[in-house]
Amino acid sequence: MSVLRHYRDDGPLVELAAKGRAPAATALPSTVAALLPVVALLVLPAAHALAALLAATAVAAVLNAPASRSPHVGRLDWLVPPLLRASEYGALLRLAVLDGPDAVPACYALLAALAYHHYDVVYRLRDRAEEPPTWLRRAGLGWDGRLLAAGLLSALGVLAPAMYVAAGVLLVAYVSESALAWRRGATA
Amino acid sequence: MTTAVLLATTEAGAGRLAAALAVAGTTPVVRLTSQLAPRVDDVRLLTRPTLAPSAPVDFPLLTGDLCGDLDLLAEVLEAGSAPVLLVHAELVLSGALLDVVLADPRSAVTAVVGPPDDGGWPVRTAGGVVVAAGSPFHSVTGSSESLRGVVRVPAQQRSLVAKAARSAADELRGARMPVLDHAAPQDALAVLIVALARTGVRVRTVPVRGFVCARVLDGMSADRAAAHLERVDEDRARMDAAVKPDDGFTGTFLVSPYSKRLARQAARWQVRPNTVTVASMALGVVAAALYAQGDREALVAGAVVLHVALTLDLVDGQLARYAGAFTPLGAYLDAVFDRVKEYLVYAGLAVGAGRHGDDVWTLAALALLLQTTHHTLQFSWPGGEQPQVLPRRGPLTVRELDPPASARGPGRIAAAVSARTQTHPATRWGKRILQFPIAERFLVLSVAAALGGPRVVFTVFLVWVCLALAWSLSGRVLRAVAR
């Protein structure tokens, strides 16, 4: 088992698709599918972007099922976490750019909140040997859930305010969870 | 606290301990004992019955041979629950080096290594981990460093190391291994390191750096050690050793020369490392706020403040190393605040540019995306935390296990380029600069902001981080595929 699986941040969609399926030994081949949403947003005309994003995210989540609980021991599986980060952040940014100039600073705020959490997971595993709690991963919706939600909110025309709200809510949740974990560690 | 075991099994002729030779008005073993007394709970001395009369302790641990030494070490390791320090009794070393070793926050077995020379057993290391080690019975090809005879076994590794020592004794008892030519043929510590490497227990290295760590085996090496002690300014060596050995170019050459002095001063004032970390974070917020004003004066002021924040960011780690005050929370806060500072500064630059009608938010978001991706790549790559070449497991009765199979095809070229560029300082530093480490990034974020403004910052930043990503990805993928 490698620590890499904790870096994934899969959401409920991937989890649902993975239910009852045997995990693959190597995670990279199925994880490459996570690039679909950002690629769809980049190559397809803006008019079809939303439908493309929703479809691509659903497909990417299903294709990621075998990787989700994989031990991540393939010789190139260390490419999985940077690939997941780049594809999720890239898709969110591309969506914001398509949405309009007001959505981009909102997207920056959201990416900063997500980055905080993704670094937090790495550093707490390093400094406390502590795995990220499952409830927090689910509450954050995972990369798949966040992309779907962003697509739907963009369709409703509220992407910019929604991204600000999501950034605020997630940041409060992530920061307070890590502060509580450190307090717990200090009193234990 | 720690238990220290001094291994005094080397003879300097006529039933006399090498550790009892005269060096600078005293003897290595007396010097070591008084150096260790304030630093550890308990100092034990292991020696031979025939050599015991020249040992300056009342009740030494006595064994008859090397296998007995290993069994005894195993017993000591099994008996308690505090860290154990194993030291050659004939070492002449800087007390501050003991502080560095004892304060090591890592949970792995650590061993002090120095440049390859006489008096130390050769080791081959990869990524700061011992891959193959030498001993009176074992040789190493392609060694790059030598073991200096100081080994720390943290509490959680005691039982593993004890097991390795016991099985080493069992394996070697009765095995006829020719002793390679060396002045210290009874070196149980060297055999223990070989045994650890060959049973897959990770031994991490601690570089000796500017400290004295000389082994006295005869009159000549005694004189050399005394001269070395005379030469070295211990406080200066301690300050230099507080600088992270694998920092980037800007950090090492432009900031550390003065930040290490600040760290020493902070240690004298008993400032806590976490206080410095928080101060650096606060200055980062101030810099971001100044950048958010967007006008020229504010950009210049922000750049100055950001540089001070960067300096303090190096001071906290150097202070922790200097004072031996590492904590997991300190390491965590240092890392998290670095990221928060940096991403706040991008946002500050984008807000400031927006006030002057230049929308750079997409560039800022791209910088965040690429930098996070590059970090994630560095965290995830096994070479970052684990050795690229794992120690090969095998019996102790073999003089040298086969060197690891060399890479094939493009991986071999990547490995060769990597090794070749590592030997020359210019290319070694060039590679580190290309990796775009934190001090280089903060330099771009301050200097380019003061001279050119936000758009210039992000342009330089994005080009550099793309180069860094391309370099990291290509080299690592090639090597991983060839392995």
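I take contact to mean heavy atoms within 4.5 Å. My model is a predicted one, in which local features need pLDDT of at least 70 and side-chain atom pairs count only at pLDDT 80 or more, while totals for chains, interfaces and linings use all residues. Residues are numbered from 1 along each chain as its sequence is written, chains are lettered from A and ligands numbered from 1 in the order in which they are written, and side-chain values use heavy atoms, with hydrogens and water left out.

**Entry 1: Glu177(A)**

I started with Glu177(A), which I found in helix H10 (residues 159-187) of chain A. For helices I go by DSSP runs (H or I, at least four residues; strands are E, at least two), numbered from the N terminus. Is Glu177(A) buried or exposed? Glu177(A) counts as buried because its relative accessible area is 9%; the cut-offs are under 20% for buried, over 50% for exposed and partly exposed in between, with a 1.4 Å probe and protein chains only. Beyond the neighbours within four places in sequence, I noted contacts of Glu177(A) with Asp120(A), Arg124(A), Pro133(A), Trp135(A) and Leu136(A).

**Entry 2: the second largest pocket**

Next I looked up the second largest pocket, which holds about 520 Å³ of space. A pocket here is an open set of points on a 1 Å grid over the protein atoms alone, where a 1.4 Å probe fits, with protein on both sides within 12 Å along at least five of seven lines; lining residues have an atom within 4 Å of a point. The volume is the space filled by probe spheres set on the points, which are joined across faces, edges and corners.

Which residues lie nearest the centre of this pocket? I listed Arg5(A), His6(A), Asp9(A), Asp10(A) and Arg137(A), out of 27 lining residues. Two or more lining residues come from each of helix H1 (12-18), helix H7 (103-128) and helix H8 (134-139) of chain A, and from helix H12 (361-380) of chain B. H7(A) gives the most, with 5 residues. By class I wrote down 9 nonpolar, 8 polar and 10 charged residues for the lining. In this scheme Ala, Val, Leu, Ile, Met, Phe, Trp, Tyr, Cys and Pro are nonpolar, Asp, Glu, Lys and Arg charged, and the others, Gly among them, polar.

Asp9(A) sits in the segment before H1 of chain A and is buried, at 7% relative accessibility. I also checked His72(A), whose phi is positive too, near 55°. His72(A) lies in the loop between helix H5 (65-68) and helix H6 (80-99) of chain A and is buried at 2% relative accessibility.

**Entry 3: aromatic rings**

I pair rings of Phe, Tyr and Trp (its six-membered ring) if their centres lie within 6.5 Å, calling planes under 30 degrees apart stacked, over 60 edge-to-face and the rest tilted. My count over all chains is 15 aromatic pairs. One of them joins Phe249(B) and Trp429(B) edge-to-face, 5.9 Å centre to centre with 75° between the planes. Phe249(B) is in helix H8 (residues 249-268) and Trp429(B) in helix H15 (residues 425-434) of chain B, so this pair ties together parts 180 residues apart in sequence. Phe249(B) is partly exposed at 29%, whereas Trp429(B) is buried at 15%.

Trp429(B) also pairs with Phe253(B), with centres 4.9 Å apart and planes at 70°, so I logged the pair as edge-to-face. Phe253(B) and Trp429(B) are 176 residues apart, in H8 and H15 of chain B. Phe253(B) is partly exposed, with a relative accessible area of 43%.

**Entry 4: a cluster and Phe461(B)**

I found one aromatic cluster made of Tyr119(A), Tyr123(A), Tyr343(B), Tyr346(B), Phe379(B), Phe436(B), Phe458(B), Phe461(B) and Trp464(B). Phe461(B) belongs to helix H17 (residues 454-482) of chain B and is buried, with 0% relative accessible area. Leaving aside neighbours within four places in sequence, its contacts include Tyr346(B), Phe436(B) and Arg441(B). Tyr119(A) has Arg339(B) over its face, at 5.6 Å from the ring centre. For a charge over a ring I need NZ of Lys or CZ of Arg within 6 Å of the ring centre and within 35 degrees of the ring normal.
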